[in-house]
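Hi,

Here is the structure I promised to send over. Have a look at it first, and then read on for what I found in it.

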Amino acid sequence: MKFLHKLAISTAIAAALMAGPASAAERIALVVKSLGNGFFDAAAKGAEEAAKEIGDIEIIYTGPTSATAEGQIEIINSLIAQQVDAIAISANDPDALVPVLKKAMDRGIKVISWDSGVAKDGRLLHLNPSDTKLIGETIIKLAADHLPEGGEVAILSASSTATNQNAWIEAAKEVLPTKFPKIKLAAVVYGDDDSVKSTNEAKGLISSYPDLKAIIAPTTVGVVAAAQVVTDQKLIGKINVTGLALPSEFKKFIDNGASEGVALWNPIDLGYSAVYLSDQLVKGKAAEPGATFSIGKVGSITLDDTNAAAMAAPYQFDKSNIEKFSKIY
(Lines give C-alpha, C1' and ligand atoms only; values in the text may rest on other atoms or scores of the structure.)
Protein backbone atom coordinates (compact mmCIF):
# COMPACT_ATOMS: atom_id res chain seq x y z
CA MET A 1 0.00 0.00 0.00
CA LYS A 2 2.82 2.41 0.86
CA PHE A 3 4.39 1.80 -2.57
CA LEU A 4 1.05 2.43 -4.29
CA HIS A 5 0.52 5.62 -2.27
CA LYS A 6 3.94 6.96 -3.30
CA LEU A 7 3.31 5.94 -6.89
CA ALA A 8 0.01 7.84 -6.93
CA ILE A 9 1.65 10.97 -5.54
CA SER A 10 4.57 10.70 -7.96
CA THR A 11 2.17 10.30 -10.86
CA ALA A 12 0.24 13.40 -9.77
CA ILE A 13 3.46 15.38 -9.50
CA ALA A 14 4.72 14.24 -12.88
CA ALA A 15 1.41 15.07 -14.55
CA ALA A 16 1.36 18.52 -13.00
CA LEU A 17 4.95 19.32 -13.89
CA MET A 18 4.46 18.22 -17.48
CA ALA A 19 1.37 20.41 -17.92
CA GLY A 20 1.38 23.91 -19.33
CA PRO A 21 3.54 25.72 -21.85
CA ALA A 22 7.23 24.95 -21.59
CA SER A 23 8.09 28.46 -22.78
CA ALA A 24 6.43 30.27 -19.85
CA ALA A 25 8.74 32.83 -18.29
CA GLU A 26 7.43 32.18 -14.77
CA ARG A 27 6.18 29.02 -13.08
CA ILE A 28 3.90 29.19 -10.04
CA ALA A 29 2.95 25.98 -8.24
CA LEU A 30 -0.49 25.96 -6.63
CA VAL A 31 -0.16 23.24 -3.98
CA VAL A 32 -3.46 22.18 -2.43
CA LYS A 33 -4.39 20.02 0.56
CA SER A 34 -5.53 17.17 -1.67
CA LEU A 35 -6.54 16.54 -5.26
CA GLY A 36 -10.13 15.76 -6.17
CA ASN A 37 -11.54 18.47 -3.88
CA GLY A 38 -14.07 20.76 -5.59
CA PHE A 39 -13.00 23.79 -3.57
CA PHE A 40 -9.42 23.52 -4.79
CA ASP A 41 -10.46 22.70 -8.35
CA ALA A 42 -12.35 26.01 -8.33
CA ALA A 43 -9.29 27.80 -6.92
CA ALA A 44 -7.23 26.35 -9.77
CA LYS A 45 -9.62 27.92 -12.29
CA GLY A 46 -8.99 31.29 -10.69
CA ALA A 47 -5.25 30.68 -10.75
CA GLU A 48 -5.36 29.99 -14.49
CA GLU A 49 -7.46 33.11 -15.02
CA ALA A 50 -4.89 35.27 -13.22
CA ALA A 51 -2.02 33.68 -15.14
CA LYS A 52 -3.74 34.49 -18.42
CA GLU A 53 -4.35 38.09 -17.37
CA ILE A 54 -0.76 38.65 -16.23
CA GLY A 55 0.81 36.69 -19.09
CA ASP A 56 3.87 34.44 -19.37
CA ILE A 57 2.92 32.37 -16.31
CA GLU A 58 2.57 28.59 -16.12
CA ILE A 59 0.39 27.25 -13.32
CA ILE A 60 1.39 23.89 -11.83
CA TYR A 61 -1.69 22.64 -10.00
CA THR A 62 -0.78 19.79 -7.68
CA GLY A 63 -1.34 18.19 -4.29
CA PRO A 64 -1.26 14.80 -2.55
CA THR A 65 -3.95 12.18 -3.00
CA SER A 66 -4.89 12.53 0.67
CA ALA A 67 -4.68 15.56 2.96
CA THR A 68 -1.36 14.90 4.74
CA ALA A 69 1.69 17.00 5.47
CA GLU A 70 3.92 14.11 4.34
CA GLY A 71 2.33 14.13 0.90
CA GLN A 72 2.81 17.87 0.55
CA ILE A 73 6.44 17.65 1.68
CA GLU A 74 7.18 15.11 -1.06
CA ILE A 75 5.59 17.37 -3.66
CA ILE A 76 7.45 20.47 -2.46
CA ASN A 77 10.79 18.66 -2.67
CA SER A 78 9.97 17.78 -6.28
CA LEU A 79 9.04 21.39 -7.04
CA ILE A 80 12.34 22.57 -5.53
CA ALA A 81 14.17 20.17 -7.82
CA GLN A 82 12.23 21.60 -10.77
CA GLN A 83 13.29 25.13 -9.73
CA VAL A 84 9.83 26.68 -9.90
CA ASP A 85 9.61 30.42 -9.29
CA ALA A 86 6.93 30.38 -6.60
CA ILE A 87 4.96 27.99 -4.41
CA ALA A 88 1.49 28.99 -3.18
CA ILE A 89 0.31 26.40 -0.68
CA SER A 90 -2.82 25.60 1.30
CA ALA A 91 -1.15 23.71 4.12
CA ASN A 92 -2.13 20.48 5.84
CA ASP A 93 0.03 21.35 8.87
CA PRO A 94 1.27 24.77 10.01
CA ASP A 95 4.60 23.57 11.39
CA ALA A 96 5.59 20.32 9.67
CA LEU A 97 5.97 22.07 6.32
CA VAL A 98 8.22 24.86 7.58
CA PRO A 99 11.61 23.12 7.07
CA VAL A 100 10.95 22.14 3.45
CA LEU A 101 9.43 25.55 2.64
CA LYS A 102 12.47 27.29 4.19
CA LYS A 103 14.59 25.09 1.95
CA ALA A 104 12.55 26.31 -1.03
CA MET A 105 13.04 29.95 -0.03
CA ASP A 106 16.76 29.36 0.46
CA ARG A 107 16.83 28.24 -3.19
CA GLY A 108 15.24 31.52 -4.27
CA ILE A 109 11.66 30.26 -4.57
CA LYS A 110 8.99 32.69 -3.38
CA VAL A 111 6.59 30.98 -0.95
CA ILE A 112 3.15 32.10 0.16
CA SER A 113 0.40 30.27 1.97
CA TRP A 114 -3.28 30.80 1.24
CA ASP A 115 -6.50 29.38 2.69
CA SER A 116 -4.71 27.28 5.35
CA GLY A 117 -1.49 28.87 6.50
CA VAL A 118 1.97 27.80 7.58
CA ALA A 119 3.97 29.31 10.43
CA LYS A 120 5.55 32.66 9.65
CA ASP A 121 9.07 31.22 9.17
CA GLY A 122 7.80 29.00 6.37
CA ARG A 123 6.39 31.66 4.04
CA LEU A 124 6.73 35.27 2.93
CA LEU A 125 3.06 36.11 3.35
CA HIS A 126 -0.29 34.47 4.03
CA LEU A 127 -3.65 35.15 2.39
CA ASN A 128 -6.65 34.33 4.57
CA PRO A 129 -9.86 33.85 2.59
CA SER A 130 -11.64 36.05 5.13
CA ASP A 131 -11.22 37.45 8.62
CA THR A 132 -10.77 34.57 11.06
CA LYS A 133 -13.03 35.96 13.80
CA LEU A 134 -15.73 36.78 11.27
CA ILE A 135 -15.68 33.24 9.90
CA GLY A 136 -15.86 31.76 13.41
CA GLU A 137 -18.86 33.89 14.29
CA THR A 138 -20.54 33.25 10.93
CA ILE A 139 -20.51 29.46 11.20
CA ILE A 140 -22.11 29.59 14.66
CA LYS A 141 -24.65 32.20 13.57
CA LEU A 142 -25.71 30.03 10.63
CA ALA A 143 -26.86 27.43 13.17
CA ALA A 144 -28.08 29.81 15.88
CA ASP A 145 -30.35 31.75 13.53
CA HIS A 146 -32.53 28.65 13.22
CA LEU A 147 -32.40 27.69 16.91
CA PRO A 148 -34.33 30.43 18.74
CA GLU A 149 -34.57 28.25 21.84
CA GLY A 150 -30.93 27.20 21.62
CA GLY A 151 -29.65 23.64 21.70
CA GLU A 152 -26.72 21.34 21.10
CA VAL A 153 -24.52 21.69 18.05
CA ALA A 154 -21.38 19.86 16.97
CA ILE A 155 -18.52 20.75 14.66
CA LEU A 156 -17.23 18.37 11.99
CA SER A 157 -13.87 19.79 10.93
CA ALA A 158 -11.17 18.75 8.46
CA SER A 159 -7.85 17.53 9.92
CA SER A 160 -6.86 18.23 13.51
CA THR A 161 -3.75 20.08 12.25
CA ALA A 162 -5.47 22.31 9.66
CA THR A 163 -4.46 25.87 10.52
CA ASN A 164 -7.54 27.58 9.16
CA GLN A 165 -10.06 25.12 10.60
CA ASN A 166 -8.55 25.29 14.09
CA ALA A 167 -8.47 29.09 14.04
CA TRP A 168 -12.12 29.30 12.97
CA ILE A 169 -13.19 26.83 15.65
CA GLU A 170 -11.37 28.76 18.37
CA ALA A 171 -12.99 31.97 17.14
CA ALA A 172 -16.39 30.26 17.21
CA LYS A 173 -15.84 29.09 20.78
CA GLU A 174 -14.90 32.61 21.85
CA VAL A 175 -18.21 34.15 20.74
CA LEU A 176 -20.48 31.42 22.14
CA PRO A 177 -20.79 32.74 25.73
CA THR A 178 -21.45 36.36 24.79
CA LYS A 179 -23.34 36.27 21.48
CA PHE A 180 -24.89 32.79 21.46
CA PRO A 181 -25.37 31.77 25.12
CA LYS A 182 -28.20 29.34 24.31
CA ILE A 183 -26.00 27.32 21.95
CA LYS A 184 -24.04 24.45 23.49
CA LEU A 185 -21.07 23.03 21.59
CA ALA A 186 -21.32 19.31 22.30
CA ALA A 187 -18.25 18.08 20.39
CA VAL A 188 -15.60 18.77 17.76
CA VAL A 189 -14.63 15.85 15.52
CA TYR A 190 -12.35 15.53 12.50
CA GLY A 191 -13.07 13.98 9.11
CA ASP A 192 -9.67 14.76 7.54
CA ASP A 193 -11.35 16.17 4.42
CA ASP A 194 -12.10 12.56 3.49
CA SER A 195 -15.65 11.77 2.44
CA VAL A 196 -15.80 8.32 4.03
CA LYS A 197 -14.29 9.39 7.34
CA SER A 198 -16.43 12.53 7.44
CA THR A 199 -19.52 10.40 6.85
CA ASN A 200 -18.60 8.08 9.70
CA GLU A 201 -17.88 11.00 12.04
CA ALA A 202 -21.26 12.55 11.23
CA LYS A 203 -22.99 9.26 11.97
CA GLY A 204 -21.06 9.06 15.24
CA LEU A 205 -22.20 12.53 16.29
CA ILE A 206 -25.84 11.69 15.63
CA SER A 207 -25.54 8.44 17.58
CA SER A 208 -23.67 10.00 20.52
CA TYR A 209 -25.79 13.12 20.91
CA PRO A 210 -29.51 12.32 20.56
CA ASP A 211 -30.48 15.96 21.24
CA LEU A 212 -28.19 17.33 18.51
CA LYS A 213 -29.82 20.18 16.60
CA ALA A 214 -27.12 21.13 14.12
CA ILE A 215 -23.88 19.90 12.59
CA ILE A 216 -21.51 22.69 11.60
CA ALA A 217 -18.84 21.69 9.09
CA PRO A 218 -16.35 24.43 8.12
CA THR A 219 -15.08 22.20 5.32
CA THR A 220 -16.63 21.65 1.89
CA VAL A 221 -16.02 17.89 2.10
CA GLY A 222 -17.41 17.50 5.62
CA VAL A 223 -20.53 19.59 5.08
CA VAL A 224 -21.60 17.51 2.07
CA ALA A 225 -20.95 14.26 3.95
CA ALA A 226 -22.96 15.42 6.98
CA ALA A 227 -25.88 16.63 4.85
CA GLN A 228 -25.99 13.30 3.04
CA VAL A 229 -26.10 11.43 6.38
CA VAL A 230 -28.95 13.63 7.62
CA THR A 231 -30.78 13.01 4.34
CA ASP A 232 -30.21 9.24 4.40
CA GLN A 233 -31.26 8.91 8.04
CA LYS A 234 -34.45 10.94 7.39
CA LEU A 235 -33.48 13.58 9.92
CA ILE A 236 -34.35 16.57 7.73
CA GLY A 237 -36.07 19.13 9.93
CA LYS A 238 -34.49 17.68 13.07
CA ILE A 239 -30.81 18.32 12.42
CA ASN A 240 -29.69 21.33 10.37
CA VAL A 241 -26.38 20.95 8.53
CA THR A 242 -24.48 24.16 7.94
CA GLY A 243 -20.97 25.53 7.58
CA LEU A 244 -18.81 26.32 4.56
CA ALA A 245 -19.91 24.81 1.26
CA LEU A 246 -19.51 25.14 -2.48
CA PRO A 247 -22.91 26.16 -3.91
CA SER A 248 -22.53 23.79 -6.87
CA GLU A 249 -21.93 20.80 -4.58
CA PHE A 250 -24.42 21.75 -1.89
CA LYS A 251 -27.47 23.04 -3.77
CA LYS A 252 -29.37 19.75 -3.48
CA PHE A 253 -29.16 19.86 0.31
CA ILE A 254 -30.54 23.41 0.43
CA ASP A 255 -33.29 22.26 -1.93
CA ASN A 256 -34.23 19.17 0.11
CA GLY A 257 -34.16 21.00 3.46
CA ALA A 258 -31.17 19.22 5.01
CA SER A 259 -29.62 22.68 5.32
CA GLU A 260 -31.14 26.09 5.99
CA GLY A 261 -28.08 27.82 4.60
CA VAL A 262 -24.28 27.87 4.33
CA ALA A 263 -21.52 30.37 3.63
CA LEU A 264 -18.28 30.63 1.66
CA TRP A 265 -16.03 33.09 -0.11
CA ASN A 266 -15.35 32.68 -3.79
CA PRO A 267 -12.63 30.01 -4.17
CA ILE A 268 -12.05 31.12 -7.75
CA ASP A 269 -11.09 34.55 -6.42
CA LEU A 270 -8.86 32.92 -3.81
CA GLY A 271 -6.77 31.03 -6.37
CA TYR A 272 -6.73 34.11 -8.59
CA SER A 273 -5.45 36.28 -5.72
CA ALA A 274 -2.77 33.75 -4.73
CA VAL A 275 -1.28 33.96 -8.22
CA TYR A 276 -1.32 37.77 -8.26
CA LEU A 277 0.52 37.83 -4.92
CA SER A 278 3.06 35.21 -5.99
CA ASP A 279 3.79 37.02 -9.24
CA GLN A 280 4.52 40.31 -7.47
CA LEU A 281 6.97 38.56 -5.13
CA VAL A 282 8.72 36.89 -8.07
CA LYS A 283 9.05 40.29 -9.73
CA GLY A 284 10.75 41.75 -6.67
CA LYS A 285 8.07 43.27 -4.43
CA ALA A 286 8.94 42.87 -0.73
CA ALA A 287 6.50 41.30 1.73
CA GLU A 288 6.62 43.38 4.91
CA PRO A 289 4.11 44.70 7.45
CA GLY A 290 2.10 47.54 5.99
CA ALA A 291 2.86 46.64 2.37
CA THR A 292 -0.10 46.84 -0.01
CA PHE A 293 -0.47 44.23 -2.76
CA SER A 294 -2.79 44.23 -5.74
CA ILE A 295 -5.00 41.17 -6.19
CA GLY A 296 -6.20 42.18 -9.63
CA LYS A 297 -9.95 42.54 -10.11
CA VAL A 298 -10.53 41.39 -6.52
CA GLY A 299 -8.94 44.58 -5.16
CA SER A 300 -5.95 44.89 -2.83
CA ILE A 301 -4.71 43.74 0.57
CA THR A 302 -2.46 45.31 3.20
CA LEU A 303 -0.24 43.00 5.24
CA ASP A 304 -0.50 43.01 9.03
CA ASP A 305 2.40 42.58 11.46
CA THR A 306 2.55 38.85 10.69
CA ASN A 307 2.59 39.48 6.92
CA ALA A 308 -0.96 38.17 6.60
CA ALA A 309 -4.14 39.67 5.18
CA ALA A 310 -7.77 38.69 4.54
CA MET A 311 -9.40 38.65 1.11
CA ALA A 312 -13.15 39.14 1.67
CA ALA A 313 -16.11 38.50 3.96
CA PRO A 314 -17.89 35.13 3.58
CA TYR A 315 -21.08 35.19 1.53
CA GLN A 316 -24.19 33.36 2.71
CA PHE A 317 -26.26 31.03 0.53
CA ASP A 318 -29.82 29.84 1.09
CA LYS A 319 -32.91 29.05 -0.98
CA SER A 320 -33.11 32.64 -2.17
CA ASN A 321 -29.81 32.62 -4.05
CA ILE A 322 -28.29 29.11 -4.18
CA GLU A 323 -29.54 28.53 -7.74
CA LYS A 324 -27.66 31.54 -9.06
CA PHE A 325 -24.35 30.83 -7.34
CA SER A 326 -24.40 27.09 -8.02
CA LYS A 327 -23.85 27.94 -11.67
CA ILE A 328 -20.69 29.92 -10.85
CA TYR A 329 -18.76 27.72 -8.39
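Is Ile-112 buried or exposed? Ile-112 is buried, because its relative accessible area comes to 0%. Please keep in mind that this is a predicted model.

Leaving aside residues up to four places away in sequence, Ile-112 touches Ile-87, Ala-88, Ile-89, Arg-123, Leu-125, Ala-274, Leu-277, Ser-278 and Leu-281. Leu-124 is 12 residues from Ile-112 in sequence, and their C-alpha atoms are 5.5 Å apart in space.

Some of those partners, Ala-274 among them, take us to helix H10, residues 267-282. H10 has 16 residues and spans 23 Å between its first and last C-alpha, close to the expected 22 Å. Of its 16 residues, 15 are buried, so H10 is largely enclosed by the rest of the structure. Both ends have a detail to look at. At the start of H10, Asn-266 brings a side-chain oxygen to within 2.8 Å of the backbone nitrogen of Ile-268. After H10 comes Gly-284, with a positive phi near 110°.

Next, a helix pair. Helix H3 (residues 69-81) and helix H4 (residues 98-106) have axes that come within 10 Å and cross at roughly 10°. Angles under 35 degrees count as roughly parallel, so H3 is roughly parallel to H4. On the H3 side the contact involves Ile-73, Ile-76, Asn-77 and Ile-80, which meet Val-100, Leu-101, Lys-103 and Ala-104 of H4. These residues divide into 6 nonpolar, 1 polar and 1 charged. A helix has 3.6 residues a turn, so residues three or four places apart point the same way; that is handy when you look at the contact on screen.

Finally, two backbone angles. Most residues other than glycine have a negative phi. Asp-115 is not a glycine, yet its phi is positive, about 70°. You will find Asp-115 in the loop between S4 and strand S5 (125-128), and it counts as buried because its relative accessibility is 4%. Lys-234, also a residue other than glycine, has a positive phi near 55°. Lys-234 lies in the loop between helix H8 (220-232) and strand S9 (240-243). With a relative accessibility of 72%, Lys-234 counts as exposed.

Happy to go through any of this with you.

Best wishes

Definitions and conventions: Residues are numbered from 1 along each chain as its sequence is written. This is a predicted model: local features need pLDDT of at least 70, side-chain atom pairs count only at pLDDT 80 or more; totals for chains, interfaces and linings use all residues. Side-chain values use heavy atoms; hydrogens and water are left out. Helices (H or I, at least four residues) and strands (E, at least two) are DSSP runs, numbered from the N terminus. The expected span of a helix is 1.5 Å times one less than its number of residues. Buried means under 20% relative accessible area, exposed over 50%, partly exposed in between (1.4 Å probe, protein chains only). A polar contact is a pair of N or O atoms within 3.5 Å; within protein, one must be able to donate a hydrogen and the other to accept it, and residues adjacent in sequence count only if both atoms are side-chain atoms. Axes are lines fitted to C-alpha atoms, for helices over the stretch in contact, and angles run from 0 to 180 degrees between N-to-C directions. Angles under 35 degrees count as roughly parallel, over 145 as roughly antiparallel, 65 to 115 as roughly perpendicular and the rest as oblique. Contact means heavy atoms within 4.5 Å. Ala, Val, Leu, Ile, Met, Phe, Trp, Tyr, Cys and Pro count as nonpolar, Asp, Glu, Lys and Arg as charged, and the others, Gly among them, as polar.
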